[in-house]
Every structure is written in C-alpha cells, then in structure tokens.
Amino acid sequence: MREYLLYIKACGGSIPQVQTYVTPSFSVDRSFWQEREGCVLHVIGKTSSLALAFSLRAKVNGYVMDQVGKGRVLTDGYVKELRALAVSSVCEASSLYGREAVSVQDRRKHGWFSWEPVEESVEVPYQDGKESGKLPGARMGYTVGRELHGRSSSHENSQEAVLCEILDGRALLWEEVEFLLKKRGVDVHDLSAILHSFVLSNKAEWRPGIRFSITKGWWRNRLELVCERCGSAGAKVELTYCHTCEQGCAYCTACLGMGRSKCCTPYFLMDVGASLIRGAERLENVARLEWAGRYSADQSRAAERARCFVANPRPGLSEYLIWAVCGAGKTELLFPSVTEALAAGGRVLIATPRKDVVLELAPRIKRVLPGAKVIAVHGSSSEKWEESDITIATTHQVMRYHRRFLLVVLDEADAFPYHNDPILYRALSRAVKKNGKLLYLSATPPGYLQKRLVRKGRSTLGSSGAIPLFSDTHVLLPGRYHGAALPVPKILTVQGLHKRVQTNRFVAPLIDTVNNSLNEERQVFVFVPRVDEIERVLSYLQKWLPSHAGKMAGVHAADPMREEKVLAFREKRYTVMVTTTILERGVTIPKSDVVVVGAEAPVFDEASLVQIAGRVGRSVDDTSGSVLFLQAERSTSPKRAVRQISQMNCLAQKLAEQRGLS
C-alpha cells in the first residue's frame with residue numbers, strides 16, 4: 001500500500017514563499033530542494049489516499065494564500081494551525097463521504113479516510129548539488145521507496161533518460177506505467193522516486209485517478225468527485241470501500257473499460273515538451289510521401305490551406321476544419337499536413353470514432369509514407385504501447401496521451417461516439433502539444449464546430465449568404481474529386497410504412513427501387529433505424545424479390561460475422577445489405593444505390609442522412625446513382641439533408657463556372 005506525505009515548503013528571503021506539496025518519497029523532495037535552495041519542510045501528515053492528499057493540499061494552499069495577503073508570516077503557531085486545518089478537513093470529507101456512500105456495504109466505524117498527523121519539521125540547507133550524506137527525512141519512518149543517493153549518478157541519469165523516452169507524451173495510471181515498462185523490458189530501481197523527481201522538475205504531473213473537493217452550498221456542503229482521466233463526475237463515479245487503500249474510495253465507470261481509475265491510483269502525465277530527435281536523413285525519410293495520385297484544382301487549394309495552417313507558428317491558431325463533401329477524397333487531403341508535421345520532427349495522431357476506419361486507414365497511410373512508423377491503436381490492438389511517427393487510433397484510446405502530438409487529426413468529427421461527448425473532446429484537445437495543431441475533417445461538421453471555425457471569409461461566388469469557401473480557420477470543398485454532382489435523394493412518404501412491411505404488404509417504391517437497381521447489376525444499401533428491424537426488412541425483401549434472396553444479408557454493430565459480411569458485400573457476393581448506421585460512412589462500394597426505410601426516425605438526423613447519401617456515386621467509373629428516403633410521416637431531417645446536398649452541388653457548380661471563365 002502506497003503512502004503519500006503532505007508537507008509545506010517555506011523559503012526565506014525578502015519575500016517569504018510558502019507552498020504545499022504531496023510526495024510519495026520524501027527523501028527525493030529533501031534532496032531536490034537541498035540542491036536548489038535553502039528551506040524548511042514542515043510535514044503535515046500522511047495518507048494512503050492520493051485524492052485526500054491532493055484535496056488537503058488545495059485546502060492548505062488556499063488558506064496560506066489568503067493569509068499571505070494579510071501579511072502573515074509562517075511561524076510555529078501558524079504551522080500548528082495548518083495541521084489542525086488538515087485534520088478538520090479530513091473529518092469533514094469523511095462525514096460527507098459517509099453521507100453519500102449509503103450503498104457501500106463495508107462501512108468503517110472510525111471514519112472513511114486514513115490520515116496520520118505528523119508534527120515534524122526538517123531544515124534543508126543549500127548544498128549546491130553536493131552529496132549530503134544521510135537524509136534527515138529517512139529517520140522519520142514514512143519515506144516511501146529507497147533513497148536515490150544509494151545509486152551512482154550515471155546509472156540514475158541513464159534510467160531517467162530511458163523513462164523520459166518511453167513515457168514522453170503519455171497519460172497513464174500507475175498500473176499502466178508498470179505494464180508499459182515491463183513490456184519494453186525495462187527494470188527500474190525505485191520507480192516511484194524517479195517519477196516523482198520528474199514531477200518536481202516540472203516534466204510531469206502526479207494526479208489522483210479520482211480527485212475530490214468540498215463544494216460549499218447554501219443549504220449544505222457536498223463532496224464533488226471527478227475522474228482526472230476522462231473528466232466524468234456525478235453518477236458516473238461510483239463510491240466504494242477499497243481493499244487496496246483500506247478506506248473510502250471511488251472509481252470511474254465511464255472509462256472503466258480502459259482500467260480502473262480510483263482515488264488511490266496515481267495518474268501520471270509526462271510532458272517532456274521536445275520534438276522527436278532525428279537526424280536530417282531520418283527526418284527526410286519519415287516525411288517522404290510516395291503517392292501517385294493527383295489533386296484536382298479544388299483539392300489542391302484545400303490541401304495547401306490545411307498545410308499552411310499546420311506550418312503557421314502563430315499563437316492562438318490551433319484549430320482548423322476541412323469541410324469536404326462525401327467522396328471528396330478527404331484522406332488524401334491530409335497528406336501535405338501530415339508530412340509538414342513529420343518534417344518538423346513531430347508525431348501525428350489520426351483519431352477516428354470507429355475501429356473499422358482505423359483498420360482501413362492504417363495500411364493506406366503506410367503505403368504512402370513508407371519511411372514512417374505507423375501503428376493502429378484500438379481496444380484489442382497489440383500495437384497500443386509501441387512508439388510511432390503516426391498513430392491511427394479510436395478516440396477512446398486517445399485518453400492515454402498527453403501533449404504528445406504536433407498534429408492531431410480528428411476524422412469524422414460528427415460521428416458517434418465522438419459527437420457531443422465531452423470526454424472524447426477533452427481527450428483529443430489534451431493529446432495536442434502546447435504548440436501543436438488540431439485538424440478536424442468532416443463532410444457534415446456539427447453546428448458547434450461550424451459556429452466556432454467557419455468564420456466569414458472569401459466566398460468569391462458572388463452570392464450573398466453563401467458559405468465562405470475559406471477563412472483562417474477553415475476550408476470548404478463542396479465538390480467530389482471526379483467533378484460530378486452529389487446524387488440528390490428523393491423523399492417519399494408512405495402512410496403506414498412500417499406496418500405494411502411488418503405484415504408483408506407490397507410497398508411499391510421500396511420493392512421497385514431495389515429491383516431496378518439489381519436488374520442494372522448494381523448493389524443496394526438498405527438502411528433501417530434499429531437492429532430489430534434488420535431481420536424484418538431482410539425477410540420482407542426476400543419474399544418480394546425471391547430471385548435475389550440468396551444474395552441478401554443483414555448486418556449490425558454487434559453481429560459476430562460483421563467483418564465477413566461487409567467483405568462479402570465489397571466482393572459482390574451479396575448484392576443487398578440491410579444495415580443500421582454502422583455503414584453510413586467509411587465504406588465505398590462502386591455501382592451502389594441507397595434506400596433508407598424509416599427516414600423519419602431520430603437516429604437519421606441531417607448529418608447521418610447526408611453521409612448515407614454519400615455512399616452513392618463515389619467511384620470515378622460510376623458517378624451517379626439513386627438515393628431514396630422512405631418515411632412513414634413527414635420529417636425535417638430528410639428535407640435538410642436534401643437542402644445541404646443541393647447547396648453543395650450549387651457551390652461546386654459555381655466554382656467550376658468560375659474556373660471556366662478565368
């Protein structure tokens with residue numbers, strides 16, 4: 001069981017300085033201050049709850065700052081007062097925790113939190129980096145870990161260098177740090193002490209997995225618990241009696257799938273803050289782009305503007321949006337931006353909400369950037385702990401990074417689960433280095449992104465109210481790479497649509513549309529709003545189109561044969577695929593059409609329907625196709641989707657006309 005010491009560092013001088021610290025290894029702190037300045041360390045107490053230690057540090061620091069404003073000097077009586085403040089705060093926190101922990105079975109009779117007051121002060125003389133022999137702190141009986149002075153300086157520096165390289169830009173729970181080092185075959189003597197030395201040197205941070213604070217209320221005070229990893233609070237943080245720290249504790253249920261974040265679990269964030277050190281030859285090789293494709297004029301303009309954003313060192317310009325319609329070649333637009341970041345010695349992260357897209361993107365990026373180390377990171381990935389130049393990851397896995405990437409690209413910013421999820425948004429923004437760039441890539445950017453980044457810029461289209469083609473924070477690409485217009489969906493309202501399908505009554509628009517596509521040797525996506533409707537609609541189509549029944553299938557997210565069915569559809573072994581929104585993006589099937597059954601359902605919002613329509617006409621060999629939205633009642637989302645598609649077609653046409661005149 002780890003213990004954490006709370007102490008106050010007091011320095012003399014013309015302006016006395018007082019600051020409170022939490023340490024797992026007091027000897028490290030004493031040695032650290034000894035080499036930098038003379039001071040007195042007043043020990044307040046110790047606990048096995050890191051969350052409690054940090055809560056008390058904030059409480060004591062706040063009180064000290066208030067007293068400094070009153071001109072008060074840190075005397076022995078003042079220190080005694082602070083020790084009493086810590087004890088009273090522990091009692092209050094324990095009382096508030098007990099009030100909330102009504103469902104916890106194993107209740108403690110003598111308080112929920114362990115706290116041992118320690119009345120000890122250690123004078124630390126300035127030694128100018130010289131060895132000072134035995135540390136006074138070692139005799140106090142609460143030093144966690146072994147003294148650093150027992151090792152040679154060269155060995156210590158070597159281990160610190162190895163840890164800096166391995167943990168650079170990572171945000172890991174203590175167990176994850178140990179696992180990563182074991183996986184790399186690194187055996188570190190006194191890991192806790194070395195990591196804490198990074199914290200004292202401002203290279204890293206300790207945080208509790210779950211932090212808590214006492215919030216004052218007009219009626220009564222309450223204990224507020226927040227997960228440091230994902231930011232979740234309230235009902236998502238579960239109270240419990242912990243057998244690790246043997247006291248009241250809590251863990252986060254929101255990010256539980258990535259390991260248990262608890263009050264007593266250290267959360268370590270490493271921020272070395274330097275670009276990767278590479279030789280000129282290695283740097284040139286990593287950033288070498290081998291792509292035989294060619295941009296259209298509009299693609300070239302969009303890709304270059306995004307590259308200039310990445311290269312721009314201007315402070316405050318940290319976010320950029322590439323708004324490109326479905327089939328515009330969004331992945332290819334990233335190539336100049338990625339190579340720009342790699343050439344600057346930085347790492348690149350491409351985050352996407354879905355594992356399927358990660359698996360599809362990784363080999364494509366590897367082919368065009370053969371000199372760069374590219375890894376695919378998802379829940380079951382074996383590469384998640386490896387070093388890389390380019391990381392392609394699901395958005396949940398990004399929570400393990402901290403200021404690591406010079407460029408972070410979020411592909412499909414509007415897609416589930418990233419859209420409207422503050423946990424994942426927080427993870428993405430924290431993964432970017434202090435001077436890094438965050439690039440959003442979307443065909444249907446959500447309203448909040450448009451409001452923030454689509455600023456008034458040059459439209460050059462001569463129409464008032466038109467979406468600006470570009471500004472210093474966005475670029476719009478309204479046309480597809482092959483120059484053909486986006487297929488405009490047809491909306492039909494069929495009274496009693498779902499009941500007619502359920503009772504196997506003939507729905508002419510549905511059957512005729514699918515039959516016509518199949519007769520023209522085309523494939524058909526049939527989208528339904530819910531999983532339980534897949535089998536119903538599949539059986540219905542097989543009944544009314546018996547000659548094609550053997551080449552029809554249904555698929556959803558939890559389908560154990562999902563990957564095999566999608567592959568069979570790609571290979572034309574299936575000609576009709578009944579599916580939920582899992583195939584609304586990231587899938588390109590040449591010569592395909594789309595039917596949406598139940599387009600009025602809430603799951604089919606404007607962005608989803610635009611993406612679904614975007615499955616059609618993507619190939620240069622087949623730029624047209626049919627898109628049918630069948631609804632049981634009138635709905636606004638299909639109308640808005642059609643309006644957005646028509647607007648983009650209009651913008652693309654005007655751009656083409658403008659190029660023809662120039």
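How many residues of strand E20 (residues 523–527) are buried? Five of the five are buried, so strand E20 is largely enclosed by the rest of the structure. Here buried means under 20% relative accessible area, exposed over 50% and partly exposed in between, with a 1.4 Å probe and protein chains only. The model is predicted, so that local features need pLDDT of at least 70 and side-chain atom pairs count only at pLDDT 80 or more, while totals for chains, interfaces and linings use all residues. Residues are numbered from 1 along each chain as its sequence is written, and side-chain values use heavy atoms, leaving out hydrogens and water.

**Strand E20**

- Strands (E, at least two residues) and helices (H or I, at least four) are DSSP runs, numbered from the N terminus.
- Gln523, Phe525 and Phe527 point one way from E20, whereas Val524 and Val526 point the other way.
- In a regular strand, side chains alternate between the two faces of the sheet.

**Partners of E20**

- Two strands pair if DSSP finds at least two bridges between them.
- E20 runs parallel to strand E23 (residues 592–597), joined by five bridges, and Phe525 stands opposite Val594 in E23.
- Four bridges link E20 with strand E22 (residues 576–579), also in the parallel sense; Val524 stands opposite Val576 there.

**Leu223**

- Leu223 belongs to strand E8 (residues 222–227) and counts as buried because its relative accessibility is 7%.
- Beyond its neighbours within four places in sequence, Leu223 is in contact (heavy atoms within 4.5 Å) with Ala93, Leu96, Tyr97, Phe212, Ser213 and Ile214.
- Ala93 and Leu223 are 130 residues apart in sequence but 7.0 Å apart in space, C-alpha to C-alpha.
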